[in-house]
Amino acid sequence: MPDYAFSDYLQFVLSGLSTGSIYALVALGIVIIYSVTGIINLAQGEYTMLGAMFAVIFYGWGFPLLLAFVASILVVVFIGLVIERLTVNPVRTASPVTLIIITVGVSIIVRGVALLIWGATPYSLPEFTPGAPLNILDAVVSRQRLWIVAATVMVLGLLYYLLERTLLGKALRACSINQLAASFMGIGAGQMSLFAFGLSAGLGAVAGIVIAPLTLVSYNMGLMLGLKGFVAAVIGGLVSAPGAVIGGLLL
């Protein structure tokens with residue numbers, strides 16, 4: 001059995017927290033869509049790819065890193081809204097299996113279009129704060145991993161505020177609990193489905209952007225991230241946002 005020191009275990013924990021934070025963001029997107037629409041969105045990983053890819057493109061055009069971050073999120077949110085209107089909304093009353101297959105088709109199409117546009121050559125994005133890795137109790141951690149954890153904490157705080165403190169967030173929660181009762185209160189299921197897809201796309205984009213400096217950005221990077229995010233969502237119960245976060249960290 002390997003003889004690990006305390007610093008080795010700390011290294012594993014810190015790396016696991018940052019990687020698990022990415023899985024948690026992807027899982028949150030899956031949970032939000034499933035809670036509101038009953039659809040398991042197997043195309044969620046493609047939003048991470050698009051977020052990272054657009055960030056690389058905008059940064060290459062001379063955008064400051066922060067502006068590239070924001071612009072890519074907005075673009076991916078718009079793409080998520082378009083996907084919902086074109087693929088899910090017209091067949092909203094179809095069987096769950098049909099809707100899942102549609103999301104698989106969307107994933108294949110988005111990945112194929114990305115390959116046609118950007119090719120198979122991987123791209124890179126610089127770290128948000130370049131510099132030597134940090135030494136924490138003899139564990140070496142890159143600065144970008146701290147950005148990943150910080151971004152995840154910030155997103156979770158904003159998401160909590162949205163769902164708990166705003167009227168729109170409460171309408172989304174009501175629709176996730178009981179669509180029929182929510183419709184009697186004037187909450188449109190179609191509008192909440194659109195909002196859920198946009199919010200989910202934004203979460204995926206954030207995950208893709210913050211992990212991009214640690215890995216090469218390519219057209220197929222979302223496939224494995226989406227799969228691991230789905231596993232994390234299932235570990236967390238598939239309908240619980242806190243469970244999705246816990247599932248991502250455990251994974």
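Let's start with helix H1, which covers residues 6-37. At 1.5 Å a residue, its 32 residues should span 46 Å, and its end C-alpha atoms are 45 Å apart, which agrees. Keep in mind as you look around that this is a predicted model. Just after H1 comes Gly-38, whose phi is positive, at about 80 degrees.

Met-224, Leu-227, Val-231, Ile-235, Ile-246, Leu-250 and Leu-251 together make a nonpolar surface patch of about 660 Å². Two helices, H9 (221-235) and H10 (241-250), each supply at least two residues of this patch. H9 gives the most, with four residues. A general rule is handy when you look at such a helix: an α-helix has 3.6 residues a turn, so residues three or four places apart point the same way.

Is Ile-235 buried, partly exposed or exposed? Its relative accessible area is 46%. Buried means under 20% and exposed means over 50%, with partly exposed in between, so Ile-235 counts as partly exposed.

**A cavity and a pocket**

How many cavities of 30 Å³ or more does a search of the whole structure find? The search finds one. The largest cavity holds about 40 Å³ of space. Its lining is made by Asn-41, Ala-43, Tyr-47, Ile-83, Thr-87, Val-88, Thr-103, Val-106 and Phe-197. Helices H3 (65-88) and H4 (96-118) each supply at least two residues of that lining, and H3 gives the most, with three residues.

The largest pocket has a volume of about 550 Å³. It is lined by 19 residues, and the closest to its centre are Phe-69, Ile-73, Val-155, Leu-158 and Val-206. The elements that give two or more residues to this lining are H3, helix H5 (143-165) and helix H8 (189-211). Which element gives the most to the lining of the largest pocket? That is H5, with eight residues.

Here are the top contributors side by side:

| Feature | Element that gives the most | Residues given |
|---|---|---|
| Nonpolar patch | H9 | four residues |
| Lining of the largest cavity | H3 | three residues |
| Lining of the largest pocket | H5 | eight residues |

Note on methods
Residues are numbered from 1 along each chain as its sequence is written. This is a predicted model: local features need pLDDT of at least 70, side-chain atom pairs count only at pLDDT 80 or more; totals for chains, interfaces and linings use all residues. Side-chain values use heavy atoms; hydrogens and water are left out. The expected span of a helix is 1.5 Å times one less than its number of residues. Patches are made of residues with over 30% relative accessible area and no salt bridge: like charges are joined within 9 Å, nonpolar side chains (Val, Leu, Ile, Met, Phe, Trp, Tyr) within 5 Å. Accessible areas come from the Shrake-Rupley method with a 1.4 Å probe; for residues, only the protein chains shown count as cover. A salt bridge is a side-chain nitrogen of Lys or Arg within 4 Å of a carboxyl oxygen of Asp or Glu. Buried means under 20% relative accessible area, exposed over 50%, partly exposed in between (1.4 Å probe, protein chains only). On a 1 Å grid over the protein atoms alone, a cavity is a set of points where a 1.4 Å probe fits but cannot get out, and a pocket is an open set with protein on both sides within 12 Å along at least five of seven lines; lining residues have an atom within 4 Å of a point. Grid points are joined across faces, edges and corners, and a volume is the space filled by probe spheres set on the points.
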